[in-house]
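Trainee: I'm new to this one. Could you take me through a single part of it up close, the nonpolar core and what sits around it?

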Amino acid sequence: MSELIEEVENFLAALAEMPGSYLECRSMLHSWSAADGKFTIVDTNVETSRRRRGGEAVYAERVLTCTRCGMERSDAYRMTSRRGHTALQKIDARYTPPEGYYVKGSGKLSKDLLLGAKFDADLAEVTPTRRRARKRVS
Ligand SMILES: [Zn+2]
């Protein structure tokens, strides 16, 4: 088996095992929600287990969670001011995926296969209804 075919087979096998919510998030966008909606200040000089982000030792952080798949996202912001008003500049975002969310794949090909898997799953859900409807007509 060629390396590409093997990679595609592995990817399809992983997609078949994936929860429906993962397919929804992977084929659309995550549904982000802030647990308490609040920013916090991280000071790596005090919280020694934390690391600098974007070169900043002190930064603002907001943690979001996807309501569908459970992916966690931590956004870090540089705290500045503009004409006396607080201003935040995003410096980076870090993602913590739920178990089994990421699968080895190959870019564009993976996206096509992913959409195909979601398409197949959606059609598999409606097919029984259509069959019943057809039976009633005949
Ligand atoms: Zn999600």
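Mentor: Before we zoom in, keep in mind that this is a predicted model. Average pLDDT over the chain comes to 84, and 86% of the residues reach at least 70. Of the chain's elements, strand β2 (residues 40-43) has the highest mean, 96, while helix α3 (residues 107-137) has the lowest, 69.

Now to helix α2, residues 20-27. Its buried residues are Tyr-22, Leu-23, Cys-25 and Arg-26. Those four span an arc of only 165° around the axis, so they sit on the same side of α2. An α-helix has 3.6 residues a turn, so residues three or four places apart point the same way.

That takes us to the largest nonpolar core, which has 6 residues: Tyr-22, Leu-23, Cys-25, Cys-66, Cys-69 and Met-71. Helix α2 is the top contributor here, with 3 residues. Have a look at Met-71 too: setting aside neighbours within four places in sequence, its contacts are Cys-25, His-30, Cys-66, Tyr-95, Pro-97, Pro-98 and Tyr-101.

One of those contacts, Tyr-95, falls in strand β5, residues 85-96. β5 runs antiparallel to β4 (residues 72-82), and 11 bridges join the two. Across that pairing, Arg-78 is opposite Gln-89 in β5. The hairpin they form has 2 residues between the strands, and in it Arg-83 adopts a positive phi near 50°.

Notes. Residues are numbered from 1 along each chain as its sequence is written. This is a predicted model: local features need pLDDT of at least 70, side-chain atom pairs count only at pLDDT 80 or more; totals for chains, interfaces and linings use all residues. pLDDT is the predictor's confidence in each residue, from 0 to 100. A residue is buried if 20 or more other C-beta atoms lie within 10 Å of its own, exposed if 12 or fewer, and partly exposed in between; C-beta atoms are placed from the backbone. Two strands pair if DSSP finds at least two bridges between them. The arc is that of the directions from the helix axis to the C-beta atoms. A nonpolar core is a set of buried Ala, Val, Leu, Ile, Met, Phe, Trp, Tyr and Cys residues joined through C-beta atoms within 7 Å. Two residues are in contact if their C-beta atoms, placed from the backbone, lie within 7 Å.
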